[in-house]
Amino acid sequence: MNYFYDLLDDFISLLFPRLCYGCGNHLLRNEKLICTECYVVIPRTNYHLEHENPVAQLFWGRCLIERAAAFSYYNKGSRIRNLIHNLKYHGIKEIGSELGKIYGLILKSSGFTTGIDIIIPVPLHPTKKRNRGFNQSEIISEGLAAVSGLAVVTNALIRTTLSATQTRRSRYDRWTNVEGIFNIPDPEIIRGRHILLVDDVITTGSTIESCANELLKIEGVKVSVIALAYAVM
Ligand SMILES: [Zn+2]
C-alpha cells in the first residue's frame, strides 16, 4: 500500500512539481521548502563565534550593542537572498520560521542567546504590515522562539513613521530617514531586559541603530542583534 502512495505522490509531483525556494531545483519526497543542497552550501558567517565581527563593528560609535551576528551573506543571486525574497514578496512565511529555527539552534548551542530575556522583531509600520499581511522579522522570530524558548514581544516597540524605501539611499540619508521613527508605548514591558533585536537583512545597520537607541533609553536595557543575512556594502 505504501508503494502505491509513493507512486501517487511521485505522479502528483510530476504534475505539480515542488521546487526549492532557495535554488529552484525539484524537491525530493522528504524535503520541504529548502533542498538538502541549499542547507549544505548556504555560506555561514559564523559571526556568533566572533565578538568583534563585521556586523558588530557596524554599530561601533553609533549605539551600544552587546552581541551581533548574521546567519549568512546577502549577495545578488545568492540562495539566502532567494529565500528571503520568497518570504517577503511571495508570502511564503514557512521559510521565515524554518530559517529562524535553523539559526536559533546554532545560536542557542553556542551560548549566544544565554542571558537574553526576550526577542523583539524590528517592527514594520502598521500600513506596510497590513499591505504585506505579515512582518517577516516577526515570522523569523517565531522560529527562533520555538527552539530557544525565548518569548517574542511585539507590542513593546512600534514604528510610527512610514519611511520611503531604503534601497537607493546613501548611508547618511538612510540614517536621517530612520532617526526617531520608533516609539516605546510602555517602558515597563522592557525595563531591565536584555533584548534580542531580530531583522531579516542588515545592510547599513541604520534601522537597528534607530531601534536600539530608542530601546536603550529605558533603564537597564541591553540590546543584542541578529539577522538572517548581512549585505556587505
Ligand atoms: Zn535548493
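Biologist: Which rules apply to the numbering and to the values?

Modeller: Residues are numbered from 1 along each chain as its sequence is written, and side-chain values use heavy atoms, with hydrogens and water left out. Because the model is predicted, local features need pLDDT of at least 70 and side-chain atom pairs count only at pLDDT 80 or more, while totals for chains, interfaces and linings use all residues.

Biologist: What makes C20, C23, C35 and C38 donors of the zinc ion?

Modeller: Donors are N, O and S atoms within 2.8 Å of the metal (3.2 Å for Na, K and Ca), and since water is not among the atoms, sites may look incomplete. The SG atoms of C20, C23, C35 and C38 coordinate the zinc ion at 2.3 Å, and along the chain these donors follow the spacing C-x2-C-x11-C-x2-C.

Biologist: Why is the site of the zinc ion called tetrahedral?

Modeller: Four donors count as tetrahedral if all angles lie between 85 and 135 degrees; the angles among the four donor atoms here are 106 to 115 degrees, and the site is therefore tetrahedral. Ideal angles for four tetrahedral donors are 109.5 degrees.

Biologist: What do C23 and C35 tie together, and is each buried or partly exposed?

Modeller: Both C23 and C35 lie in the loop between helix 1 (2-15) and helix 2, so the pair ties together parts that are twelve residues apart in sequence; helices here are DSSP runs of H or I with at least four residues, and strands are runs of E with at least two, numbered from the N terminus. Buried means under 20% relative accessible area, exposed over 50%, and partly exposed in between (1.4 Å probe, protein chains only). C23, at 27%, is therefore partly exposed, whereas C35, at 5%, is buried.

Biologist: Why is strand 1 described as largely enclosed?

Modeller: Five of the six residues of strand 1 are buried, so the rest of the structure largely encloses this strand.

Biologist: How do you know that the length of helix 5 is close to the expected span?

Modeller: The expected span is 1.5 Å times one less than the number of residues; helix 5 (residues 93-110) has 18 residues and reaches 26 Å from its first C-alpha to its last, close to the 26 Å expected. Its buried residues, including I95, L99, I102 and L107, pack against helix 2 (36-41), strand 1, helix 4, helix 7 and strand 7, where contact means heavy atoms within 4.5 Å. Just after helix 5, G111 takes a positive phi of about 90 degrees.

Note on methods: Four donors count as tetrahedral if all angles lie between 85 and 135 degrees; four count as square planar and six as octahedral if opposite donors are over 155 degrees apart and all others between 65 and 115; anything else is irregular.
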